[in-house]
Structure formats: C-alpha cells, structure tokens
Amino acid sequence: QSGLKTKRLGSRIEYLEQCASTQIVAHQLAQEGALDGTVVIADLQTEGRGRLMRKWDSAKGQGIWMSIILRPDVPPHKAPQFTLVAAVAIVRAIQSITGLEASIKWPNDILFGNKKATGILTELQSDADGIQALIIGIGVNVNQEREDFDAAVKEIATSLRLESGQAVNRRKLVQEILRYLEIYTEMYIELGFGPLKELWEGHSATIGKAVRARMTRETLEGIAEGITEDGVLQLRTADGKLHGIYSADIELK
Ligand code: BTN
C-alpha cells in the first residue's frame with residue numbers, strides 16, 4: 001500500500017534495501033524500456049553520487065534516495081529545466097509535510113541558510129531522435145542527526161530533522177514529492193517553462209544576490225540577475241557584462 005496520489009509518477013516503484021546508486025539502477029531499467037514515471041528508491045546507497053562526480057553521503061534509512069525515469073517529448077537542451085522543476089516540487093513538498101521554508105541555490109541545491117538538505121542530479125539518455133529518458137536523481141537528508149554526516153560534509157549539510165526538531169515520515173514525503181512533481185511536469189508540458197520559472201525564482205536563494213561562480217576554467221563574481229527560459233543563470237559582472245552560466249558551483253557572497 002503505497003498511498004500514492006499520482007497517476008503517472010510511481011506507477012511502478014522499485015524499492016531496494018541497498019544498491020550502489022539508484023541512478024545506475026534507473027539507467028539500466030530505462031535501457032530495458034521502463035515506462036515514464038518509474039521510480040527507484042533505496043534505503044542505502046553504497047556509491048551514491050552527486051554532480052561533478054562527487055560522492056553523495058547516503059546513510060541507511062535516514063534519507064530519501066530515489067531516481068525517477070521520465071520520458072518527456074522535449075529536445076535535449078531542455079533537460080536542465082527539469083532539474084529546476086524538480087527543485088520547486090521538492091521545496092513545496094517539504095513545506096507541505098514539515099512547514100519548513102527551504103530555498104533553492106542554482107541550479108539544484110535545496111538549502112536552509114547556507115546548509116544543504118537536498119541535491120538533484122538530472123542525467124540524460126538520448127540518441128539522434130532526441131531524449132530517450134531523463135533520470136532525475138533526488139537525495140533528501142531527512143532524519144540525520146549532526147553526527148550521522150560524514151566529516152567532509154558535516155559543516156555544510158543539514159537534514160529536515162535538524163531543521164524542524166522532529167523526525168519526518170519519509171514515506172509521506174516521497175508521496176508528496178511525487179505528487180508535486182506530477183503537477184509541475186504536467187504544467188510544464190501544457191504551459192511551458194514560464195510559470196515554473198516564476199515559481200522557481202520565488203524560492204530562489206540566488207537571484208538578486210552577489211555570487212561567486214566557480215567553473216572549470218574560470219571564476220566570475222557578480223550579481224545573479226535571473227535565469228533564462230532554458231534555465232541558464234544570468235550573471236552580471238562589475239564591468240556591466242552579462243554572462244550566461246551553464247554549469248558552475250555557486251557561492252553566495
Ligand atoms: C548533488 O547535489 O550533487 C546531487 C545529489 C544527488 C543525490 C541523489 S540520491 C539518489 C540518486 N542516486 C545517486 O547516486 N545520486 C542521486
């Protein structure tokens with residue numbers, strides 16, 4: 001009895017006690033033809049991964065480690081928008097279940113203050129015909145206490161329990177994330193990114209702020225003015241130039 005209130009998302013749920021990474025399992029299932037809305041959830045990941053090949057600390061039974069397979073009919077350059085749509089869905093779901101107000105740091109971190117509670121990793125399977133599958137990986141720190149975090153992230157990570165002072169029901173939160181993600185992906189397909197961009201900006205910790213953007217080859221400092229329709233961050237440097245940032249680590253100054 002999953003208690004899901006969705007039609008598409010979670011129509012198939014693969015629950016695993018343990019796996020290397022739900023991203024790897026979801027990629028495999030997508031290759032084998034798993035349908036849009038298939039969800040992979042694990043209690044423990046031994047090789048949870050984050051953006052930029054980083055390790056993702058995925059302690060047993062304390063977080064939500066899940067990957068969602070979507071098969072939207074959109075061109076590949078629109079894939080990053082789904083990360084932003086997922087971020088809005090997660091912030092709303094957290095608010096609905098715990099009353100907590102999180103904010104989004106571009107592109108994909110969900111924060112309380114300067115500490116990260118959730119990461120999103122969107123990966124793509126595509127060929128000459130376009131997107132075959134989007135694999136949206138979501139990691140939410142739910143019930144960790146401070147000592148549960150690896151030393152490497154102790155100072156920069158937080159959990160919903162630490163923020164709210166009480167344990168949070170993971171199953172209810174998964175249901176709510178899927179419910180909002182279904183609502184927002186349908187809104188996206190019907191109305192495009194416009195309304196979601198506004199929702200995203202409303203929850204953003206980045207827009208209007210002075211930031212430092214660290215990229216592979218350079219670091220830029222300036223004001224984050226907004227995001228484009230494609231989810232590209234617009235950064236204005238002191239010389240007045242506007243830069244489109246496609247991928248970076250953002251530090252709020
Ligand atoms: C990031 O902030 O760098 C993204 C973190 C994404 C973590 C989730 S947990 C579920 C899924 N499986 C993984 O190995 N990673 C994603």
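Around the ligand, the shell splits into six nonpolar, twelve polar and four charged residues. Bear in mind that this is a predicted model. The shell has 22 residues, and the ones that come nearest are Ser21, Gly50, Gly119, Gly137 and Gly139. As for secondary structure, four elements each put in at least two shell residues: helix 1, strand 3, strand 6 and strand 7. Here is where they sit:

| Element | Residues |
|---|---|
| Helix 1 | 22-31 |
| Strand 3 | 63-70 |
| Strand 6 | 115-127 |
| Strand 7 | 130-141 |

Where they touch, domain 1 brings eleven residues and domain 2 brings eight. On the domain 1 side, helix 2 (79-98) and helix 5 (194-202) each give at least two residues, with helix 2 holding the largest share at three residues.

Five strands line up in the order 11-10-9-8-12, with antiparallel pairing. Strand 11 (242-245) and strand 12 (249-252) are the edges, each pairing on one side only. From one strand to the next, the twist averages 45°.

How many bridges join strand 8 to strand 12? Four, with strand 8 covering residues 210-214 and the two strands running antiparallel. As one spot to look at, Val211 stands opposite Leu252 of strand 12.

Note on methods. Residues are numbered from 1 along each chain as its sequence is written. This is a predicted model: local features need pLDDT of at least 70, side-chain atom pairs count only at pLDDT 80 or more; totals for chains, interfaces and linings use all residues. A residue is near a molecule or strand if its C-beta atom, placed from the backbone, lies within 6 Å of it. Ala, Val, Leu, Ile, Met, Phe, Trp, Tyr, Cys and Pro count as nonpolar, Asp, Glu, Lys and Arg as charged, and the others, Gly among them, as polar. Two residues are in contact if their C-beta atoms, placed from the backbone, lie within 7 Å. Two strands pair if DSSP finds at least two bridges between them. Axes are lines fitted to C-alpha atoms, for helices over the stretch in contact, and angles run from 0 to 180 degrees between N-to-C directions.
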